[in-house]
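Hi everyone, thanks for coming. Let me put the structure up, and then we can walk through a few parts of it together.

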Amino acid sequence: GFDAAKGEALRLFLPREAVLAGCGDGSPAALLSAGAAGLRALWAQDRAAPERVAMDLRGLPPAEAALLVEGALIAAWTPPVPRAAPALPPPKRLDLLCEDEDALRPGLEAAEAAAEGVRLARDLVVAPGNMLTPRAFADRLAALEEADLAVEVIGPKRLARMGAGGLCAVGGAADGGPYLVTLRWRGTIPADPVVFVGKGIT
């Protein structure tokens with residue numbers, strides 16, 4: 001039976017179809033899973049989603065409500081490249097029921113930004129190497145300047161001058177050669193810098 005565990009969802013066939021999503025212990029991870037599970041219960045590879053879905057956030061603190069929305073937005077991602085069995089489209093519209101729209105808005109803006117970042121990362125991960133060449137990858141990331149990120153793209157010639165022999169050797173066979181991209185965001189609070197390093201081979 002349904003016990004509201006993390007990631008659990010129950011479809012109800014009332015006058016209108018509804019879904020109960022389990023929030024588990026109420027942690028941020030559980031709330032993200034609940035938002036995702038609720039949407040997936042209405043939309044699967046073998047079942048088209050309704051064009052319009054409503055999420056009832058009434059009675060929830062704004063921060064918790066925003067996490068449920070973020071989970072649903074992330075779950076609505078579909079692969080951008082052709083597949084043997086193309087995914088059915090997600091709902092076109094998500095309506096939110098809440099008591100105080102102004103209180104919820106800041107959390108929603110953060111949720112939409114986080115979900116957009118996750119979807120971009122997924123798009124890049126699933127893109128085949130013949131489409132996402134190092135040059136194409138660098139171009140995609142250069143567009144993030146619109147999101148207030150400082151973007152530096154270092155191409156093959158500069159990498160060679162820098163003495164980045166390992167990177168040049170690994171990426172030398174790629175169409176257009178190797179590229180190194182650095183993204184910087186200054187943040188909004190005084191804190192020590194945090195660095196993430198990733199490597200992709202195409």
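Two strands count as paired if DSSP finds at least two bridges between them, and helices (H or I, at least four residues) and strands (E, at least two) are DSSP runs, numbered from the N terminus. Please keep in mind that this is a predicted model, where local features need pLDDT of at least 70, side-chain atom pairs count only at pLDDT 80 or more, and totals for chains, interfaces and linings use all residues. Residues are numbered from 1 along each chain as its sequence is written, and side-chain values use heavy atoms, with hydrogens and water left out.

Let's begin with a hairpin. It is formed by β1 and β2, with 3 residues between them. Strand β1 covers residues 9–13 and strand β2 residues 17–21; they run antiparallel and are joined by 5 bridges. Phe13, for instance, has Glu17 in β2 as its bridge partner.

Next, β3 and β4. These two run parallel, again with 5 bridges, and Ala54 is partnered with Asp95 in β4. In a regular strand the side chains alternate between the two faces of the sheet. By buried I mean under 20% relative accessible area; exposed is over 50%, and partly exposed is in between (1.4 Å probe, protein chains only).

Is Asp95 buried or exposed? Asp95 is buried, because its relative accessible area is 16%. Leaving aside neighbours within four places in sequence, Asp95 is in contact (heavy atoms within 4.5 Å) with Arg52, Val53, Ala54 and Met55.

Now for helix α2, residues 62–75. Its 14 residues should span 20 Å at 1.5 Å a residue, and the end C-alpha atoms are 20 Å apart, so the two agree; the expected span is 1.5 Å times one less than the number of residues. How many residues of α2 are buried? The count is 10 of 14, so to speak a mostly covered helix. What covers them includes α1 (28–42), β3 (52–56), β4 (93–97) and α3 (101–126).Finally, α2 and α3 pack at an angle of about 25°, with their axes 8 Å apart. Axes are lines fitted to C-alpha atoms, for helices over the stretch in contact, and angles run from 0 to 180 degrees between N-to-C directions.
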